[in-house]
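Student: I've got a model to go through with you. Can we take it piece by piece, starting with contacts?

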Amino acid sequence: MTTLKTTVLGIDFENPFILASAPPTAKISSIDKAFTLGWGGAVLKTITPDDLLMVEASERYASWKVGPKVYGFENIELLSHMTIQEWLDGIAFLKQKHPTKVIIASIMAPVVKEEWQNLVKTFNNTEIDAFELNFSCPHGMPEKGIGMAIGTSAEISAMITKWVMEVAKKPVFVKLSPNVTDIKEIAKAVEKAGADGLAAINTVQSLMGIDLDTFAPYPNVNGKSTFGGYSGISVKPIGLRCVAQIRQASNLPILGMGGISSWHDAAEYMCVGADVVQVCTEVMVNGYAVINAMKQGLLNYLESKGFESPQDIKNRAIANLTAHEKLNKERQVYPEIDDSLCIKCGKCVNICDESEHSALSLVNNHIKVNKDACIGCSLCSHVCAKSAIKMK
Ligand SMILES: Cc1cc2nc3c(=O)[nH]c(=O)nc-3n(C[C@H](O)[C@H](O)[C@H](O)COP(=O)(O)O)c2cc1C
């Protein structure tokens, strides 16, 4: 019988879909609702010592949209606004009402040993299942020497991981930033420092755009802005690449995220090493109920392929990622046009001409392929609006 259940570091997840640390996990009532709807767990909005004052900007978001569809958010939001005591009470409430759900406490503190260790000790004796160390927030916090300022330094990341591991009584995941030259280096450093698992990615540092009348960058805060964090479906290729690279460097369990909006995205993350996936922006755009289609879709896929659980697809694509020089250069593919789909718009012909190959032409109301001129690059198939071109 196929199941979505999965166990990571002794923690039982009833399904591998959990909410990422973000607005959907900033309130106890929201997490309660999410658990009732079927999410397997939640990473709490990043908790800090009470005296780390958070004053937010308004507006906090800019978006990349094509028509009504949101491809990504840039956000400049900071961390949790709840006090430690409010979180302690909230965790007790949630665990009493939803004992099978996984709760992971995301934490961040100034680069001071006692501050990190005190935060960990405070949550050690709660019913949380694990910690996630936020070394990766790209805005606001780096100005204070924390967030991504930690995660871009292998040395500081390792030092704080060691401090935490000295006192942590629960498994510890370290959440890594994609905004580094070599994510493998940071992953290896925190693994060596004793981390139990890794999480990736946090948001991608970004600048969404400029108002060309006022020259104010977005999100516009009284004419000024700051670099923010990009999330949502358009960051998936970056997240997938980061998780694959982490898996190539480490065997630790991985909580994978970045642009997951469907069971298909989740399965892809698992194929490159994720044990469990986290979702944020998709919930902010389409609501908590997206979990139903995600769970059903993944279950159907696993069943149809004869897999017993998500663990069966873990790492399956890793061996297929290789160096460019090892790719089979003997292979040559050519476009094959499906006349029943082709609308003869000529886009493929134009782009091939623009690229100076001129391998395609419209002859007798049919796109003809000149194999002697074609380099098999596949560009024509990607610009076709009707998916009428397959490379064969
Ligand atoms: C508005 C917003 C606030 C976020 N706050 C946090 C945070 O407090 N702690 C954290 O670790 N990640 C935070 N994130 C990052 C998400 O947890 C996640 O890593 C990122 O958004 C990528 O996933 P997604 O594409 O599914 O949104 C935030 C993301 C957004 C959009």
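Tutor: Two residues are in contact if their C-beta atoms, placed from the backbone, lie within 7 Å. The model is predicted, so note the rules: local features need pLDDT of at least 70, side-chain atom pairs count only at pLDDT 80 or more, and totals for chains, interfaces and linings use all residues. Residues are numbered from 1 along each chain as its sequence is written.

Student: OK, what does Lys-236 touch?

Tutor: Leaving out residues up to four places away in sequence, Lys-236 touches Gly-258, Gly-259, Ile-260 and Asp-265. Lys-236 itself is found in helix H7 (helices are DSSP runs of H or I, at least four residues, and strands are runs of E, at least two, numbered from the N terminus).

Student: And why is Lys-236 called partly exposed?

Tutor: Because it has 19 other C-beta atoms within 10 Å. Buried takes 20 or more within that distance, exposed is 12 or fewer, and partly exposed is in between, with C-beta atoms placed from the backbone.

Student: Next one. Where is Ser-250?

Tutor: In the loop between H7 and strand S13 (254-257). Ser-250 is partly exposed, with 19 other C-beta atoms within 10 Å. Beyond its neighbours within four places in sequence, Ser-250 contacts Ala-187, Lys-188, Glu-191 and Leu-198. The C-alpha atoms of Ser-250 and Lys-295 are separated by 28 Å, and these two are 45 residues apart along the chain.

Student: Let's talk helix H6, then. Which residues are buried in it?

Tutor: H6 covers residues 183-192, and the buried ones are Ile-183, Ile-186, Ala-187, Val-190 and Glu-191. Seen down the axis of H6, they fall within an arc of 135°, so they line one face of the helix; the arc is that of the directions from the helix axis to the C-beta atoms.

Student: What does that buried set of H6 pack against?

Tutor: Helices H4 (148-151), H5 (154-167) and H7 (236-249), plus strands S9 (172-175) and S10 (197-200). After H6 comes Gly-194, whose phi is positive, near 110°.

Student: How do H8 and H10 cross?

Tutor: The axes of H8 (residues 263-271) and H10 (residues 290-304) come within 8 Å and cross at roughly 55°. Axes are lines fitted to C-alpha atoms, for helices over the stretch in contact, with angles from 0 to 180 degrees between N-to-C directions. H8 and H10 are therefore oblique to each other: under 35 degrees is roughly parallel, over 145 roughly antiparallel, 65 to 115 roughly perpendicular, and the rest oblique. Trp-263, His-264, Ala-266 and Ala-267 in H8 meet Met-294, Gly-297, Leu-298 and Tyr-301 in H10.

Student: And at what angle do H1 and H2 cross?

Tutor: Roughly 15°, with the axes of H1 (residues 28-37) and H2 (residues 84-97) coming within 10 Å. That makes H1 roughly parallel to H2. On the H1 side the contact is made by Ile-28, Ile-31, Asp-32 and Phe-35, and on the H2 side by Gly-90, Phe-93, Leu-94 and Lys-97.
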